[in-house]
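Visitor: I am new here and would like to understand how the features of a protein model get their labels. Could you walk me through it?

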Amino acid sequence: DNSGTTTIKAELSYKLFTQNFLAQVLDAALPSDSIPALSFDISQSAVLEAARKLVRRQVKMGKVLQAVGRGTSGELKHLHGTSTKTVKRAMALVEGQWNKLCKAPNRCVLDPMVLAEKGAKGIVHKLTSSGALLERLHDTNAEFFLRRARERMAAGAAPEEPQARGYLKKSDWFLDNPAIAQHHLDAAHSRWRTAPQDIISVLNDLQEQIWSDFSSLPDNVEAFAGDSSKLPDILRLHKRYVEIGLQVFKGDPRGCGEIALTALTLVAIVDMLATKAHPLLGEHPLGIASGLFKRLFVTADAQKRHLHSLENYVRKRNSSARYSTTTIEGSRSCESFSIRFAQQDSGMKTTHREIMNQCMSDQHANEKMRRKRRKEHDDLMAYNRRNGCSCRWDYDKYDNRHKSHHCLSCKKEIEAKQITMEHYEKLLPDNTIRQWAVIFELKQSDLLICQRQILFDFLEHVCDQDWNSESDDCYLWSQEYRLTPFRRSSNCSSLTTCELGSVRKKWSRSHYSTNHHIAAKLSFIVPHDYETVLMGPSGPVGTAIPSWWTGTKKEGMRGRLCTMNIPKHSDYHSLQPLINGYAHSENDAIASECPQSITLAEFRSCGSLRAGPRHQLIRLAACLRQKVLSLERPEPVALILCALWQAGPRLKLSENVHEALLHFRQPCQQLLDAGFVADLTEMLDETLAESQENWSYHNRLVAVTAIANYLRVHTAPIDGDCEAQQGLVALLDKCTDVAKTWIGSIMERANNCGDETEMQRLRAKLVDVTVAGTLSLTADMLGRSRAKVYSRRVGDFLFFRAIFNDNFSPAEIDDNPKNAPAIEWNAFRRMLILQGFAHAERLQETVETTSVSALNSFLKSYWSKSGDIAKGVGTVKWTQYKTAKSCWYATVRLKENGRRLTYLQMDTVSGAFFVDGLPCKSLPRSVSASNTYKRQFGTSIFIVQPTGSGGYRTQMPVNGCHFEFYPPESCLFDADSKLFGDGQPIILKETIAD
């Protein structure tokens, strides 16, 4: 019909004309060579909106032009192409201006709520981006702010303080700000090798807050069960917390135990919320092995109490379950939680009915189309049979026959052979159980998704079984596009790595999916070939998952998280299985081969010390009495720490133990005997007396301190403040005094040392002794109840941390094997250093309320200039930071300087001490922790002196040369400075010593 075609072309011409007119108006508003700026002062948003409208018109017109095809004139296509070029030019212009705006400095007014802590509301900042400001506002690095103070001090202002140190402790509920908590965690982790105290501080704050929320959640569970907005943030935080924590505490079973315990607490919190919102979940076990708790390393009484309450929750969840399947299972059955939930949920039943109706409708349509095409095929073939073939054939000169004319009958036959039919694949599997599994996957709530995913992440990092097999073929039901209209939108979908899928292709993706001839089959409806198995990141989840909560293989925990690795070259390496477990017997040690370098008595004692959890302390007392253990070596000390720290089996009410002491567990049961505790304390006192004159026996001090702390913590609920407690506190006081005496002896020898190699050995020994001294101090020893020794003990604590900071190299805790220092038994030493940081963080709350006299006591023993203050030549005034409770600063006025003030700053956790913003005894951490320094000097820490030009010079020659170091201060204070390129500190020059 020519009239219809003419009408379509006329309408098309009108629309293209209108589109082209709008494009010309837009083009006139854009800058050109003659008019550089936008005409009529049109905003970029208006230009962008006009371009968007034209794009929508062009998309529609492009489809119309394609449909009309050859009937379209070239002029109409030219009009369409012209408007397209105009739109592209406008979009490129707006994008270029936006990029220029992002890179140029802008004046941004910060949200007053963000700066509420800083007390600087309404301040206008000139920023290239907000990232640097946010990093600074949430910074927990005390050293950064302590060193920044130099600028403010020069101007006569008080030092600026860290903004977010201890911020997490202020939050009433962790569940209210998981995203902010993750920001703190990532920010601290980005510099953990240079400021390890920050990441340990954040991990400790998170641990305390999460544990507190778990204890309080049963009374507030209804308030959070209905809110799913924070679930994605909780998933992200849980994953990052486990990844970062296990990296920081690599090779440290004590730290890994804390990380695993806190991660499991997060799992329990989410499970508690999900169980409250969906009671049916309570009829299925949680999926955590009860044996996992026995292998965890826990050092403090608070940790054991939390472990006990968490184990009670898991046992209660598992024991109250009516079915054996968890939310994570390889295949589905009628007893699966997902199947039972979907069959009972009204919304899911409605969705199932809608999908089945849609599927039936599509099948009827497919069958109707098959019948229609089959009829066409049969009619064509019937015509061929009725009329036969009437084609004409010709012969060439070679007598070859060629068809010169095709008859209508043959054409009909060819047309019939070309009629094909595509298959229809059903929307759901034929099996009813599988159908409900798919429905549950499509419609489950965010809380159920989060519960399954957080459990999956925990088991993936902590459990010992490699249940997640790998497969090249992984297909997910969430990627079935035909089910998209029935899928519930979820905030957690982008974080899900555990969902329903299949390793088998569906029909439409196989080589069978090609169209078949209409007469080849009686039906073109095929079942959906996807399986309904749980898929992990790289393959299907195995069927061995129920062993997690029944506690089979290795009691459910990865060995690297709960073992102390003995070096292969160690004489004690053959005893490693006996050191890291308590399930063996004394015969296993006797049957092992004893190295020649170890006495038979020590080898047998080491191998049998942990045989049976209830007898470990008895055998330890026997070893101390017989003096068979070489406590100056790290391996026997590691054996003792394993016996003290590993939780072991739990106690039962039937064992005549008071309910308040059930968290002690079986290894502590012997401590209920007061006589045994008194005898063991006496043995420890004798062991300390034998080695207190030799500072090379720092491992002995570590062993005595660990055992005494263990006895003190576990006898306090039984003995109160009676004789046993008093004896243990007195013993720990002796340990503190011995450590301080050793530090003085080592420093005296270092002052007379002229060999740099020997100096580095002495510095490493100072680090070891200060860590042992820090561990000898406890919260009650620093408490105000001991008024007579309060100031002195707090001063000792600050002294230990300051000396530690002066001699500690961040390379000593580097988890990179290439950068790991070649020191004896580095993993054990690294574990003690990290424990020293964690212990100092826990003591921080006690030191927060310290008195000025305690700080002056520290100053007297550490800063040589404090002698002038004591003589009345100067005055000192201490002030505590408001938000950074671990940081203090002092203003010192010395008469020799007139009116000039000297500023002192102290971080009680890291031990950083600054005079006018500069370290007074060692290189800044920004130098010693850099990769440039590590490549040149490894773990060496030099005694340096300021050069007067912002640098530091070694006091003693190193290999015949003096080195000068210049920290990248411009990178700390000026983000735009290019002075040092990548921000690494540089070694300026080497001066040959005289």
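**Cavities, a helix, a sheet and a pocket**

Guide: Gladly. By class, the lining of the second largest cavity has 3 nonpolar, 6 polar and 3 charged residues. Please keep in mind that this is a predicted model.

Visitor: Which residues line the second largest cavity?

Guide: The lining is made of Thr326, Thr327, Glu329, Arg332, Ser336, Phe337, Ser338, Phe440, Gln444, Leu448, Gln451 and Arg452. Helix H13 (337–344) and helix H17 (446–462) are the elements that give two or more residues to this lining. H17 gives the most, with 3 residues.

Visitor: What makes Phe337 count as a lining residue of the second largest cavity?

Guide: A lining residue must have an atom within 4 Å of a cavity point. Phe337 is listed in the lining of the second largest cavity, so Phe337 meets that cut-off.

Visitor: What is the volume of the second largest cavity, and what is the volume of the largest cavity?

Guide: The second largest cavity has about 80 Å³, and the largest cavity has about 150 Å³. The structure holds 7 cavities of 30 Å³ or more.

Visitor: What surrounds the largest cavity?

Guide: Its lining has 14 residues, and Asn805, Ser922, Leu923, Pro924 and Arg925 lie nearest the centre. At least two lining residues come from each of helix H28 (790–807), strand E15 (913–915) and helix H32 (925–928). By class, the lining of the largest cavity divides into 8 nonpolar, 3 polar and 3 charged residues.

Visitor: How do you know that the span of helix H14 agrees with its number of residues?

Guide: H14 covers residues 346–387, which is 42 residues. At 1.5 Å a residue, H14 should span 62 Å, and its end C-alpha atoms are 62 Å apart, so the two values agree.

Visitor: What is found at the start of H14, and what comes just after H14?

Guide: At the start, a side-chain oxygen of Asp345 reaches to within 3.2 Å of the backbone nitrogen of Gly347. Just after H14, Gly388 takes a positive phi of about 70°.

Visitor: What makes E7 and E8 a pair of strands?

Guide: Two strands pair if there are at least two bridges between them. E7 and strand E8 (residues 499–502) are joined by 2 bridges and run antiparallel, so they qualify as a pair. In E8, Gly501 is the bridge partner of Leu476.

Visitor: How many bridges join E8 to E11?

Guide: There are 3 bridges, and these strands run antiparallel. In E11, Val533 is the bridge partner of Gly501. The open sheet of 3 strands has the order E7-E8-E11.

Visitor: Why are E7 and E11 called edge strands?

Guide: Strand E7 (475–476) and strand E11 (533–535) each pair on one side only.

Visitor: What can you tell me about the second largest pocket?

Guide: The second largest pocket has a volume of about 750 Å³. It is lined by 30 residues, of which Thr299, Ala300, Asp301, His839 and Arg842 lie nearest the centre. H25 gives the most to this lining, with 8 residues. By class, the lining of the pocket divides into 13 nonpolar, 11 polar and 6 charged residues.

Technical notes: Residues are numbered from 1 along each chain as its sequence is written. Side-chain values use heavy atoms; hydrogens and water are left out. On a 1 Å grid over the protein atoms alone, a cavity is a set of points where a 1.4 Å probe fits but cannot get out, and a pocket is an open set with protein on both sides within 12 Å along at least five of seven lines; lining residues have an atom within 4 Å of a point. Grid points are joined across faces, edges and corners, and a volume is the space filled by probe spheres set on the points. Helices (H or I, at least four residues) and strands (E, at least two) are DSSP runs, numbered from the N terminus. Ala, Val, Leu, Ile, Met, Phe, Trp, Tyr, Cys and Pro count as nonpolar, Asp, Glu, Lys and Arg as charged, and the others, Gly among them, as polar. The expected span of a helix is 1.5 Å times one less than its number of residues. A polar contact is a pair of N or O atoms within 3.5 Å; within protein, one must be able to donate a hydrogen and the other to accept it, and residues adjacent in sequence count only if both atoms are side-chain atoms.
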